[in-house]
Amino acid sequence: QNQEFIMKLSLIASMSGLLFGYDTGVVSGAIIFLREDLDLSDEQVEVLVASTILSAAISAWFGDHLLDDLGRKRTLVIASIIFVVGSLLMAVAPGYYLLLMGRIVVGVAIGFA
């Protein structure tokens with residue numbers, strides 16, 4: 001039973017890495033088109049890419065308190081909801097600042113997961 005618990009924890013931890021890797025891969029391909037469509041400077045591109053990583057690191061630091069208070073399942077549900085909200089923000093973003101906000105929100109979700 002202990003080994004089953006460890007396997008479940010490993011699976012959950014790997015899902016967090018999967019989300020992070022997926023997001024990094026998607027932005028790498030999309031940044032080519034975003035630079036053109038939104039007329040982004042090099043600095044704006046750097047901030048867009050790094051914002052998710054930074055917000056994930058910060059939210060992971062705070063996420064342990066949420067985990068202690070609410071438990072693993074509720075924290076993952078909250079992280080999933082936050083991820084959907086961030087994804088929707090990025091999908092409807094007409095410009096740089098809303099896209100940046102969506103990337104930050106997705107980073108928070110990744111950190112919580």
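At what angle do α2 and α3 pack, and how many Å apart are their axes?

## Helix packing

α2 and α3 pack at an angle of about 130 degrees, and their axes are 7 Å apart. Axes here are lines fitted to C-alpha atoms, for helices over the stretch in contact, with angles running from 0 to 180 degrees between N-to-C directions. The angle makes α2 oblique to α3; angles under 35 degrees count as roughly parallel, over 145 as roughly antiparallel, 65 to 115 as roughly perpendicular and the rest as oblique.

On the α2 side, L66, L67 and L70 meet R72, R74, T75 and I78 of α3, where contact means heavy atoms within 4.5 Å. This contact has four nonpolar, one polar and two charged residues. Nonpolar covers Ala, Val, Leu, Ile, Met, Phe, Trp, Tyr, Cys and Pro; charged covers Asp, Glu, Lys and Arg; the others, Gly among them, are polar.

## Model and overall fold

The model is predicted: local features need pLDDT of at least 70, side-chain atom pairs count only at pLDDT 80 or more, and totals for chains, interfaces and linings use all residues. Residues are numbered from 1 along each chain as its sequence is written, and side-chain values use heavy atoms, with hydrogens and water left out.

The chain has four helices and zero strands, in the order α-α-α-α along the sequence. Helices (H or I, at least four residues) and strands (E, at least two) are DSSP runs, numbered from the N terminus. The C-alpha atoms fill a box of roughly 55 × 25 × 20 Å along the principal axes. Among contacts with a separation of 6 or more, 68% join residues 24 or more positions apart.

Of the 113 residues, 27% count as buried. Buried means under 20% relative accessible area, exposed over 50%, and partly exposed in between (1.4 Å probe, protein chains only).

D64 lies in helix α2 (residues 42-70). D64 counts as partly exposed because its relative accessibility is 38%.

## Largest pocket

The largest pocket has a volume of about 260 Å³. Of its 15 lining residues, D23, V26, M90, L99 and R103 are the closest to the centre. A pocket is an open set of points on a 1 Å grid over the protein atoms alone, where a 1.4 Å probe fits, with protein on both sides within 12 Å along at least five of seven lines; lining residues have an atom within 4 Å of a point. Grid points are joined across faces, edges and corners, and the volume is the space filled by probe spheres set on the points.

α1 (2-37), α3 (72-92) and α4 (96-112) each supply at least two lining residues, and α1 gives the most, with six. By class, the lining has 12 nonpolar, one polar and two charged residues.
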